[in-house]
Amino acid sequence: MTVRVTRLTESDWRLFAAVRLRALSDSLGTEDPQFQQESSFTAAQWRRRLREHAQFAAMLNDRAVGLIGAQQENPDTVYLYSLWLDPAARGHGLARPLVAAAVDWARDRQARIVTLRVAVDNAVARGVYESIGFQPITGSRNDVRAGELAMSLSVR
Ligand SMILES: CC(C)(COP(=O)(O)OP(=O)(O)OC[C@H]1O[C@@H](n2cnc3c(N)ncnc32)[C@H](O)[C@@H]1OP(=O)(O)O)[C@@H](O)C(=O)NCCC(=O)NCCS
């Protein structure tokens, strides 16, 4: 499978809305408050999300099959969130280039560190992050939440 990873722009808001809602319904279900909230977003709200955070899509034959968000928290730190691949596209190594694109973006922005959170029992996602070089944040720097592990990667 050849995947193309692209950063979505405001004009891609319809594609972004569709893949984001697929990701939320697959991960959380359509009854989840977050799905309910975002499914009623207006075009302006989707566009704002694309302005405020960088969103990268994995494209297979012009179909979006994956997504990751990246938020610049401060000049030094970029936070990655909501990595997702369509279930039919899993198991083919497409997650790594998606995460790598977001890490490259952080590096281009002169960030020093990229952080994320992953469920402790999500072995597949942890494997993806570790293969790129992310390591668990240890000690008091770890913002521990129930069942989640904070990881970071130094990019400078
Ligand atoms: C997380 C996700 C994006 C990974 O994509 P994927 O296509 O399933 O992952 P890959 O096939 O690239 O596998 C990643 C690695 O994990 C390994 N792996 C697969 N199953 C595993 C398991 N049960 N335990 C440990 N490692 C596993 C694979 O061997 C692969 O490593 P390799 O490339 O060195 O062989 C995808 O599973 C997904 O969308 N899951 C639901 C949403 C989610 O959990 N997002 C993460 C939020 S932090």
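Trainee: Which residues are buried in helix α5?

Mentor: This is a predicted model, and in it A125, V128 and Y129 are the buried residues of α5, which covers residues 123–132.

Trainee: And how do they sit around the axis of α5?

Mentor: Looking down that axis, the buried residues fall within an arc of 90 degrees, so they line one face of the helix. In general, an α-helix has 3.6 residues a turn, so residues three or four places apart point the same way.

Trainee: Which residues are exposed on the other side of α5?

Mentor: A123 and V124 are exposed there.

Trainee: What do the buried residues of α5 pack against?

Mentor: Their partners are the strands β4, β5 and β7, plus helix α4.

Trainee: What follows α5?

Mentor: G133 does, and its phi is positive, near 115 degrees.

Trainee: Switching to the sheet: what's the strand order?

Mentor: The order is β1-β2-β3-β4-β5-β7-β6, an open sheet of 7 strands with mixed pairing. The edge strands, each pairing on one side only, are β1 (4–7) and β6 (135–136).

Trainee: Do tell me about β1: in which sense does it pair with β2, parallel or antiparallel?

Mentor: Antiparallel, over 4 bridges, with β2 spanning residues 54–60. As for R7, its bridge partner in β2 is F56.

Trainee: Back to α4, then. Which strands does that helix touch?

Mentor: Helix α4 (residues 95–108) packs on the sheet and touches β1, β2, β3, β4, β5 and β7. The direction of α4 makes about 160 degrees with that of β4.

Methods: Residues numbered from 1 in each chain as written. Predicted model: local features only at pLDDT ≥ 70, side-chain atom pairs only at ≥ 80, totals over all residues. Heavy atoms only, no water. Pairing = 2+ DSSP bridges. Helix = DSSP H or I, 4+ residues; strand = E, 2+ residues; numbered from the N terminus. Contact = heavy atoms within 4.5 Å. Axes fitted to C-alpha atoms, helices over the stretch in contact; angles between N-to-C directions. Buried < 20%, exposed > 50% of the residue type's maximum accessible area, 1.4 Å probe, protein only. Arc of directions from axis to C-beta.
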